[in-house]
Amino acid sequence: MDPAAESPPGTLPGGDSPEMDLSHRFSKEELALLYQEVLYTIRHRLGKPKQQHIGDSQELYSYVQKAFGMDTEEHSAIMQQVMELESPIYCLKATVKEAKGILGKDVSGLSDPYCLLGIQARGQEPAHPDHKKRTKAVVKDLIPEDQIHRTQVIKQTLSPVWNETFILEFKDVETASFHLDMWDSDVVESMRHKLGELTDLHGLKRIFKDARKDKGQDDFLGNVVVRLKNLPAPLAQQDEDPLVSERDPSPGEAAQGCPFVPVCLQDLHCWNDQWYQLEPRTETYPERGHCHLQFLLTHKKRATTSSRTQPSYTVHRHLLQQLVSHEILQHQAGSTSWDGELSSHASTVLYLHATQKDLSDFHQDMAQWLAYSKLYQSLEFNSSCLLHQITSIEYRWVQERLRPEQKEELAESFQSFLTYGVSLIRRFRIIFPLSVPRSKERLQSLLRVLVQMCKTKAFHELCTPSPDLTQMVSTALKSGTTEWFHMQKQHLKPMVKSIEENSKALSKLLQEVIEDLKQCQKIWNKLFSTNLKLNIFSIAYLELESLVAEHVQEQLHEVDSSMSRPTAESLFDLYRKLQELCQMRDSLPNRDGPLALSNFHQWFEEALPLWLQKAYTTTLERAQRAIQMDQLKPYGYHKHSTSTVDLSTCYAQIVTTWQQLNWPDPEKAFMIMVNLLEDMCKISLMYCKLIKERAEALSLSEQNEGEAANKLCIVVNNIEQLRLLMLKLPSQLDWAQLEQRMRGIIDPQQIQNALHNQLHSTVACLDHEVQDVVQALATKLEKGIARHIQELSSSSDTQKPEDSIIPLMKFLESELQYLNEHLVQENFKSLLTLLWQHTLSVLSAAQGPQVPSFQHCQRLFCALKSLELCFHAEGCGLPLETLHSAAFQRLESHLALCSATSRKLIQKYFSNRIQQQLDASSEKYGAVTIKALYRPSEQKLHVEVLNATNLIPLDSDATPVCPSPPGWVHPCRGARGGG
């Protein structure tokens with residue numbers, strides 16, 4: 001493998017600085033010969049440079065001197081050699097492609113066109129064609145016959161297509177001009193044959209004209225004369241060059257749809273491809289059509305040593321490699337990455353060399369691929385520039401166009417680049433780290449180049465048998481993952497050999513493994529899946545999981561129950577990392593069979609009791625510390641204090657511990673749950689005891705009854721908050737799932753006794769604690785209520801009832817408002833219930849053993865109704881169902897009677913009697929109305945029968961027995977005398 005492959009990303013191979021000179025890749029003699037070649041190319045350049053190229057040769061000399069690392073003396077010496085070398089033979093490679101809109105010279109209205117072309121070398125003529133007199137001279141009159149080239153004759157057409165190429169040599173571009181004549185081939189035909197082809201009057205005229213000329217004489221169709229120094233500009237640059245002398249196209253040109261190329265004072269480019277207007281010799285037919293020509297200025301017999309001894313393709317590749325390496329180093333010196341775009345200086349030199357050597361596009365693409373793919377293995381640049389070359393090779397691929405040595409060279413480059421690219425992929429974690437910008441894009445570009453290269457026809461034809469890229473990359477990823485793991489293991493190896501230090505080192509190693517797998521899953525997997533259909537996460541996970549299992553087992557073989565607390569804590573962190581690693585297997589596409597870490601929890605059974613004890617002691621200590629620091633004041637906007645917040649956090653940590661353990665063995669998991677619940681129940685009961693003691697201690701130190709009540713309110717709220725925390729445990733600890741796992745393993749009744757009953761017992765204890773504290777608060781208020789009711793009872797009869805209850809209502813309003821603000825709603829209602837029961841008993845006792853006075857009962861009744869409204873508080877207090885207890889109804893009824901006037905009592909009596917009569921149902925035998933009066937002095941009961949209704953008929957005529965007449969009085973004895 002290339003040593004450069006071991007270099008860290010962003011650095012040059014071998015530790016060289018960005019200013020390093022890559023000339024050492026060629027020997028000194030080879031570099032001098034290559035430098036001679038490039039100087040010769042610049043000195044004998046042909047054609048006007050394109051807009052994006054450099055026209056100043058001195059700039060090019062300076063550039064190549066830097067690119068080749070030549071000092072002034074070396075440059076001058078080689079330049080002197082170049083100047084002494086013989087100039088090359090200049091050539092114009094002319095391709096006659098086609099013509100349009102030419103004249104029809106035959107009787108049929110068509111022509112049989114062919115072209116004569118050559119180079120005329122003579123003295124300088126006027127610069128503009130309009131300044132010279134039109135001449136009738138043709139190619140055969142101006143150029144020696146052995147220098148004239150001829151195309152094929154295309155029969156019967158006005159749009160001939162030739163696509164013929166000719167090499168025309170010349171010595172001086174300043175005096176050379178290109179000439180092309182187009183002729184209609186004329187053969188001797190009989191008059192009868194010509195008349196047979198006659199189609200119109202114009203054809204008849206042609207017959208008469210042919211009769212006047214010599215037999216077999218060809219007809220002139222037009223010519224193109226261009227000076228190599230003053231050729232028309234390409235169409236794309238006409239609008240950009242101010243030297244262009246434009247004229248409007250003629251009607252014939254516009255009608256034929258051919259692009260018009262005006263004559264201009266502009267040098268020929270190295271390569272031209274455009275349409276030219278065919279010019280007439282006379283003014284008879286000024287519109288003669290257009291001809292499509294392509295020109296390329298090249299060299300023959302170059303005098304340089306490289307051109308004489310090496311193939312043009314090889315020399316061009318070496319030159320390309322030297323210039324590209326210089327471009328890459330120039331970018332790296334400026335702390336930028338080369339994107340594959342050559343500078344205008346390098347592009348100009350390479351363009352001149354390729355055209356002068358007449359290299360085809362295919363050979364240029366192949367040279368670029370060979371140079372770029374080789375440089376990529378030693379210098380860092382974006383591999384996306386390789387994609388263009390490999391795509392171009394595939395597009396133009398014809399194996400027969402390459403010589404055997406070129407095929408061998410191309411095949412070797414494919415194999416070398418494939419091997420190097422796979423080696424980069426094997427170490428992609430180091431070569432393409434995500435901490436370096438654009439690493440993801442660089443790896444994606446490399447994958448695309450490799451995939452595209454392995455798909456090409458050239459690769460399959462030259463590299464036999466063709467390697468399987470997917471299999472190669474998969475194998476490389478596996479070995480690379482193993483290498484990376486061992487490297488990380490060695491890097492994190494602890495200095496001190498102990499179980500605790502080994503556990504910490506293992507945890508760090510597992511963290512690196514987990515982070516790497518996350519990157520594979522979220523970032524790298526998409527790249528490999530898109531380009532190669534490979535799941536890199538699956539490959540990496542299976543390799544790392546096996547390596548981790550083996551390494552962890554090896555390090556934990558000495559673990560036993562006698563371990564220290566720090567060791568147990570480090571093992572818990574390791575357990576959590578292994579658990580996270582195991583959970584990632586759910587993302588594997590295929591999971592056939594158990595994995596190496598399937599039963600990893602068994603390695604930690606000795607440490608499990610220490611973990612549970614750690615959770616209990618930590619929570620207990622924190623709860624005790626929180627109670628000691630608690631001042632029993634509301635925490636923020638809440639009604640409980642800080643110790644409850646701390647205890648809630650501790651319980652949440654225990655829940656998190658349970659979730660983190662997630663012990664796979666169901667039976668063992670149940671025992672863990674029982675232990676955790678027992679610990680939390682113990683801590684809850686301990687908290688109730690300590691928080692009440694804390695309230696008593698603070699109350700004694702302050703000697704303030706109001707503050708003591710405040711502390712009791714906070715205690716009640718804290719215990720209530722704790723009760724709510726305990727009630728949430730079944731859902732937080734997910735008992736439902738645990739019970740489902742226990743199904744068929746542990747009896748449901750055992751689960752009920754061990755979990756639910758224990759929790760309910762603890763909650764009941766907390767409820768009892770709340771009631772005790774609420775009762776204590778109620779006791780403090782009952783004394784005040786009893787005192788105010790006593791004062792109400794003993795108030796003057798002259799005082800209005802409404803005024804006498806004001807002190808009681810103010811007292812309750814003040815106390816209850818405070819309690820409502822400081823107690824949670826449920827506890828406040830419990831307190832109201834106790835106070836209401838106590839208030840009813842105090843009001844009942846206030847009536848006294850003697851018959852109370854009317855005014856006394858009025859005050860008590862008014863107080864009762866006001867207290868009812870106060871405790872109900874428009875639905876915000878106790879509900880009416882709770883207020884209207886049996887004791888309340890008895891007291892309300894008694895006080896209502898005692899506080900009513902005689903008139904109201906009479907009205908009430910008769911109203912009740914009327915209601916009784918209305919409510920009375922009809923009797924079976926009818927009804928009788930009587931009026932009775934008992935006279936104690938006479939001991940007689942006087943009964944007056946008033947009337948009877950609905951009597952049952954008993955006589956045969958269905959007539960009822962007549963009742964006694966009204967007013968009948970029946971004397972009876974009293975109850976004591978009988979009757």
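Predicted model: local features only at pLDDT ≥ 70, side-chain atom pairs only at ≥ 80, totals over all residues.
Residues are numbered from 1 along each chain as its sequence is written, and side-chain values use heavy atoms, with hydrogens and water left out.

Of the 979 residues in the protein, 45% are buried, and by buried I mean under 20% relative accessible area, with exposed being over 50% and partly exposed in between, for a 1.4 Å probe and protein chains only. Among contacts with a separation of 6 or more, 79% are between residues 24 or more positions apart, a contact being heavy atoms within 4.5 Å.

I turn now to helix 32, which has 13 residues, 886-898, and whose end C-alpha atoms are 18 Å apart, in agreement with the 18 Å that it should span at 1.5 Å a residue; the expected span is 1.5 Å times one less than the number of residues. Which residues of helix 32 are buried? They are Phe 888, Leu 891 and Leu 895, and because they cover an arc of only 70° around the axis, they are on the same side of helix 32, the arc being that of the directions from the helix axis to the C-beta atoms. The buried residues of helix 32 pack against helix 29 (825-846), helix 30 (854-872) and helix 31 (880-883).

On the aromatic side, the count comes to 24 pairs, under a rule by which rings of Phe, Tyr and Trp (its six-membered ring) pair if their centres lie within 6.5 Å, with planes under 30 degrees apart counted as stacked, over 60 as edge-to-face and the rest as tilted. One of these is the edge-to-face pair of Tyr 376 and Tyr 420, at 6.0 Å centre to centre and 90° between the planes, which links helix 11 (residues 361-376) with helix 13 (residues 404-426) across 44 residues. Both partners are buried, Tyr 376 at 7% relative accessibility and Tyr 420 at 8%. Coming back to helix 32, the rings of Trp 836 and Phe 888 have centres 5.8 Å apart and planes at 40°, so this pair is tilted; Trp 836 lies in helix 29 and Phe 888 in helix 32, so the pair ties together parts 52 residues apart in sequence. Trp 836 is buried at 2%, and Phe 888 at 1%.

Ring pairs also link Trp 369, Tyr 376, Phe 414, Phe 417, Tyr 420 and Phe 459 into a cluster.

Finally, the cysteines: how many disulfides does a search of the whole structure find? The search finds zero, a disulfide being a pair of cysteine sulfur atoms within 2.5 Å. Cys 857 is in no disulfide, and the nearest cysteine sulfur, that of Cys 898, is 4.1 Å away. Cys 857 is buried, with a relative accessible area of 0%, and Cys 713 is buried with a relative accessible area of 0%.

Definitions and conventions
Helix = DSSP H or I, 4+ residues; strand = E, 2+ residues; numbered from the N terminus.
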